[in-house]
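Open the model in your viewer and keep the sequence panel beside it. Each stop below names a selection and then tells you what is there.

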Amino acid sequence: MVPPESQAGSGALDARPDSTVLVVDDDEHVRRALGRVLRRARCRVIDAGNASGALALLEREPVQVVVSDHRMPGTSGVELLRIVKERWPTVQRVLLTGHADSAVIEEAVNRSEIFRFIWKPWDDAHLRITVQSAVDQHWMLEENRRLEQLLAERNAQLEKLNRDLDGQLAARSAALVRAAEEWRASFDAIGDPLAIFRGGGCEVARANAAFARAAGVAITQVAGLRCREHAFGALPCPACCDLPRGGTAERELAFGDRTWVIRSFPFGDGGLVVTFKDVTDEREVSRRLFHAEKMSAVGQLAGGVAHEINNPLGGILAFAQLMSREERSPEDMESLRLIQDAANRAKRIVESLLRFSRRPREEERGPVDLRQVVDDALFLLSPQLRAGRFEVARRFEPAVAVGNGNQLQQVVVNLLVNALQAMGDRGTVTVAVGPAAPGRLRLSVADTGPGVPEDAAPRIFEPFFTTKPEGQGTGLGLSICYQIVEEHGGTIRLEQPGPHPGACFVLELPAAQPRHERGEAVP
């Protein structure tokens with residue numbers, strides 16, 4: 001790349017073609033004058049008006065000599081050359097000054113270790129000779145450094161060639177030790193227990209750290225360990241698992257409170273490599289997923305049954321209404337009224353089941369009255385409420401949220417069911433609905449049960465985590481509630497109800513705009 005004419009030139013200096021001289025002066029006329037003097041040199045000349053510009057050029061491209069004025073705004077020439085000496089030691093430094101100040105000379109010599117001084121006004125011949133000498137000095141230092149590096153390389157080669165056989169054997173021994181350590185580290189890094197057995201599978205020849213932990217012994221004690229009562233601590237003995245001999249085998253079995261998948265591979269003369277994989281949690285997750293799918297199918301079946309019940313209920317209501325229009329005795333009319341009330345109540349139950357079991361659509365979101373959502377949920381659970389001595393306290397204020405009523409009803413039903421199950425056969429459920437922060441609504445469900453254990457509180461919204469006894473919960477209810485509320489742009493959390501025992505779940509949801517802001521007519 002050829003620099004601009006203002007930054008480069010050619011002259012008669014006997015310098016190398018690849019040499020570059022950097023001229024630094026805040027006076028543009030001085031820089032041009034220096035360029036004219038050095039224009040006949042075969043070296044490239046670039047310039048900068050201040051120290052920061054000079055340092056930027058030095059960062060970008062190689063320079064052999066820096067000629068800098070002493071007095072410059074900001075960083076002085078002495079300070080600039082000191083920085084050059086620290087960063088680029090082989091770059092030669094020439095100070096250009098018009099003041100015969102001994103302090104400046106002393107500072108330049110001690111701090112910057114400059115190569116030469118050039119006094120203003122300069123002699124052109126003296127300037128070219130000085131720059132020529134500086135360039136030669138730079139290349140001499142570079143050549144010395146190259147020769148020193150070459151000498152060091154030759155010495156290193158000689159030392160390498162002079163290594164004797166004992167040194168080579170030591171290096172190979174160290175390599176073998178390192179390879180053994182790497183193999184052992186890789187072996188121990190495997191998270192599943194793994195061991196090499198001999199003697200029919202009841203004695204450990206070698207094992208990894210995971211096997212030692214499961215067997216309850218130190219890693220230094222696994223070699224020669226034999227099974228006791230058909231087990232190695234928490235691990236079953238492979239010889240007692242009836243694994244097929246002579247080839248790769250795999251078997252799943254329950255041992256203690258864990259489920260293991262055992263894989264064996266033949267090794268050496270009668271040896272056996274065996275891996276143990278704990279699949280207890282995987283099987284539990286699969287079981288709970290299967291149970292969740294089954295419950296979903298039951299919900300769909302319930303929805304279908306409820307739909308079929310609607311038809312005979314409609315007929316019962318129609319005939320009861322027709323019969324009530326005829327002349328009948330007061331006793332018959334009272335009976336017909338009771339029939340209609342019971343049929344209407346059954347129809348409301350069926351309609352609630354249908355709304356609850358129907359899969360909602362994403363576009364079915366709009367203004368939802370949270371008070372109506374809670375009333376529908378309580379009506380749906382009225383049989384459970386009558387089954388025990390429960391009290392329901394309603395603390396309702398006007399609250400219209402933005403969301404899907406069916407999904408929000410599912411959340412409230414889950415929270416109410418958890419509250420009833422926690423209280424047993426008696427207690428009080430308090431449901432509160434009202435405003436929260438600006439633009440937000442609050443819905444809370446509190447019970448008088450034993451509450452959530454402190455150690456379980458951080459995990460209650462995790463899928464498949466439950467504090468209920470086996471067979472009474474899947475651990476999916478609260479996680480589904482969390483997902484539904486998050487999709488609505490809201491939050492759900494567990495709060496301590498105060499000095500009284502129990503649990504209180506709080507939902508915060510975005511509030512709907514008032515009807516006049518939504519463009520609806522206000523009655």
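Start with the antiparallel sheet. Five strands form an open sheet in the order β7-β6-β12-β11-β10, with antiparallel pairing. Its edge strands are β7 (203-207) and β10 (249-255), and each pairs on one side only. Neighbouring strands here are turned by 30° against each other on average, direction ignored. Strands are DSSP runs of E with at least two residues, helices are runs of H or I with at least four, and both are numbered from the N terminus. Two strands pair if DSSP finds at least two bridges between them. Angles run from 0 to 180 degrees between N-to-C directions, with axes as lines fitted to C-alpha atoms, for helices over the stretch in contact.

A word on the source: this is a predicted model, where local features need pLDDT of at least 70 and side-chain atom pairs count only at pLDDT 80 or more, while totals for chains, interfaces and linings use all residues. Residues are numbered from 1 along each chain as its sequence is written, and side-chain values use heavy atoms, with hydrogens and water left out.

Now select 194-198 and 271-278. These are β6 and β12, antiparallel and joined by four bridges. Ala 195 stands opposite Val 274 in β12.

Stay in this sheet and pick Arg 263 and Glu 250. They form a salt bridge, with the closest N and O atoms 3.1 Å apart. A salt bridge here is a side-chain nitrogen of Lys or Arg within 4 Å of a carboxyl oxygen of Asp or Glu. Arg 263 lies in β11 (residues 258-267) and Glu 250 in β10, so the pair ties together parts 13 residues apart in sequence. Arg 263 is partly exposed at 28% relative accessibility; Glu 250 is exposed at 54%. Buried means under 20% relative accessible area, exposed over 50%, and partly exposed in between (1.4 Å probe, protein chains only).

Next, the parallel sheet. Its five strands run in the order β2-β1-β3-β4-β5, again an open sheet. The edges are β2 (44-48) and β5 (116-119). Select 20-24 and 65-69: β1 and β3 pair in the parallel sense over four bridges. Leu 22 stands opposite Val 66 in β3.

Move to helix α1 (residues 28-37). Arg 32 and Glu 28 both lie in it, four residues apart, about one turn of the helix. Their salt bridge brings the closest N and O atoms to 2.7 Å.

Now go to the largest nonpolar core. It has 39 residues, and Leu 370, Leu 416, Val 429 and Leu 443 have the most contacts inside it. Such a core is a set of buried Ala, Val, Leu, Ile, Met, Phe, Trp, Tyr and Cys residues joined through side-chain atoms within 4.5 Å. Elements giving two or more residues include α12 (405-423), β17 (440-446) and β19 (504-510). The largest share, nine residues, comes from α12.

Is β19 enclosed or open? Six of its seven residues are buried, so β19 is largely enclosed by the rest of the structure. β17 and β19 pair in the antiparallel sense over seven bridges. Strand β18 (residues 491-495) also pairs antiparallel with β19, over five bridges.

Finish with Arg 442 and Glu 495. Their salt bridge has its closest N and O atoms 3.4 Å apart. The pair links distant parts of the chain, β17 and β18, 53 residues apart. Shared partners join Arg 442, Arg 493, Glu 495 and Glu 508 into one salt-bridge network.
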